[in-house]
Amino acid sequence: MKYIVAIIQPHRLDEVKQALEAVEVNLMTVSNVLGQGRQKGFTEIYRGAKEVGGLLRKVRLDIAVNEDFVEPTIAAINKGARSGKGEVGDGKIFVLDLADCVRISSGERGGIAIG
Amino acid sequence: MNTGDTAWVLISAVLVLGMTIPGLAFFYGGLVRRKNVLSILMQCFIIVCVISLQWVLFGYSLAFGPDTGLGIIGSLKWAGLNFVGGQPNADYAATIPHQVFMIFQAMFAIITPALIIGAFAERMKFSAFLIFTLLWATLVYDPLAHWVWGMGGWLRNLGALDFAGGIVVHVSSGISALTLAILMGKRCGYAQQPFRPHNLPFTVLGVALLWFGWFGFNAGSALGANELAANAFVTTHVATAAAGLTWALIEWYHHGAPTVLGAATGAVAGLVAITPACGFVNPMNAIFIGILAALFCFIAVVLIKTKLGYDDSLDAFGVHGVGGAWGTLATGLFAEKAVNAAGADGLLFGNPHQFLIQFLLIIIAPIFAAGMTWIIFKAVDALVGMRVEKKDEIVGLDLTQQSESAYTVIE
């Protein structure tokens, strides 16, 4: 089992979600987050006071999958989140080992509880 | 008595109330950080409660009541609205009930101390704020209103022109705001960490409501539904439009982008500057007043404040003090009897004397207002302490002064 965390551009969320559904990955947690990478932030101006390098809005996806789904999931996120030929700021995907998973409604454990 | 005049002034009173709540409350509320928005809304709201009572109990009598002899203050003869009833008072407004004039003026007395909130936002103790506001209204606003507007007031007798409150409302509150900003000191972390407005849509909504309500403030000050009200309405509108556009253009040139906060701030500067002049100048000169209002206030807010380093949190001085002073001087330049026979001609219409009177106003009023504000500050600071504890400031005034928070993050 793997735990996949993806940080993507907010406006790519729909494409990523469609690409994931196409490979039957339907369960995910989505949140609004702030961050900065190589892209750096915008400069904001309030009554002449410059606020440099504010954090950028990003969307974070948390997805837990069984081994068979790991590569298709990564490929789907990559496909959906990349703008054009790929630009700075498109985001990152992190893949972590997942020790266990519990479905709260039934108490099932492990791989069967994921999907 | 005239029912049309009465209806217009009653409606104008409601419009001016709307300038404080919700107008100013949301203008200022959007500009502070999210942890302090309720403190601003509460301060604006409670000012309406406190000053309305102060006004009918004794404030109106001090400001507009029969003069005590020296043109300095009204007597308490009209305290508790004694002699203030349905019959018109011809000295102030011959065609509407005296009570209507009184309640219209009440709304001015309310918004003036509310404007000062912008200077001490995000760091003043609520108890100190209440005492300060009551004292300031009684010791600064009421006398000043008497000097300029009250029968027998010494500046009125001198020939001072202030149609709707450039001096009485905006210069007085603006200069008091600067005094308080300096005396209270900067907010924790000022100029070291970002202070982003937490909700600019609130701020723009607030300015839109101010613009809307200002027609009551300015055109209502004609105290009748007549040609003078029409002139004040039109001059108010075009000066505001010119100032909003000018500020946005200056920013575009100076910073590379026109901001909505800039356009909104410029509009307020225009509203402030046209306030003393609106019933004395013609619409074309009003446009000119608006353009220069934006320029002067931009310089004050963006350049001078940064240089001098005081923390006027929401620019109450830069916009109201500077804009009000310019408008008062501009009245001395552009006033013409062709617009208002009861007024006077200004410098550009062959009467330099009027300009000198207006100049005297922007010297006298700031000295008086700043001096009294200093005294009241020292008294209240000794009594309860003006500023919240540093840890309370960091947590935010909503939680520490009002025990509530504006936005829930989790159900």
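So, which residue stands opposite L56(A) in β5(A)? That one is G35(A).

A quick word on the model: it's predicted, so local features need pLDDT of at least 70 and side-chain atom pairs count only at pLDDT 80 or more, while totals for chains, interfaces and linings use all residues. Residues are numbered from 1 along each chain as its sequence is written, and chains are lettered from A and ligands numbered from 1 in the order in which they are written.

Let's start with chain A. Its open sheet has four strands, ordered β2-β5-β1-β6, with antiparallel pairing. Helices (H or I, at least four residues) and strands (E, at least two) are DSSP runs, numbered from the N terminus, and two strands pair if DSSP finds at least two bridges between them. At the edges you'll find β2 (29–35) and β6 (91–97) of chain A, each with a single partner strand, so one side of each has no neighbour in the sheet. Ignoring direction, neighbouring strands are turned by 20° against each other on average. Now back to our opening pair: β2(A) and β5 (residues 56–65) of chain A run antiparallel, joined by seven bridges.

There's a helix here too. Helix α2 (residues 67–81) of chain A lies across β1 (2–8), β5 and β6 of chain A, and runs at about 5° to β1(A). For angles like that, axes are lines fitted to C-alpha atoms, for helices over the stretch in contact, and the angles run from 0 to 180 degrees between N-to-C directions.

Over to chain B. How many residues does the largest nonpolar core have? It has 145, and L24(B), I111(B) and A269(B) are among those with the most contacts inside it. Helix α3 (residues 98–120) of chain B gives the most to this core, 17 residues. Apart from it lies another core of 15 residues, including I8(A) and V65(A). A nonpolar core means buried Ala, Val, Leu, Ile, Met, Phe, Trp, Tyr and Cys residues joined through C-beta atoms within 7 Å; buried means 20 or more other C-beta atoms within 10 Å of a residue's own, with C-beta atoms placed from the backbone.

Last stop: where the chains touch. Six residues from chain A and twelve residues from chain B make the contact, which means C-beta atoms, placed from the backbone, within 7 Å. On the chain A side, strand β3 (residues 44–46) of chain A gives the largest share, three residues.

Conventions:
A residue is buried if 20 or more other C-beta atoms lie within 10 Å of its own, exposed if 12 or fewer, and partly exposed in between; C-beta atoms are placed from the backbone. Two residues are in contact if their C-beta atoms, placed from the backbone, lie within 7 Å.
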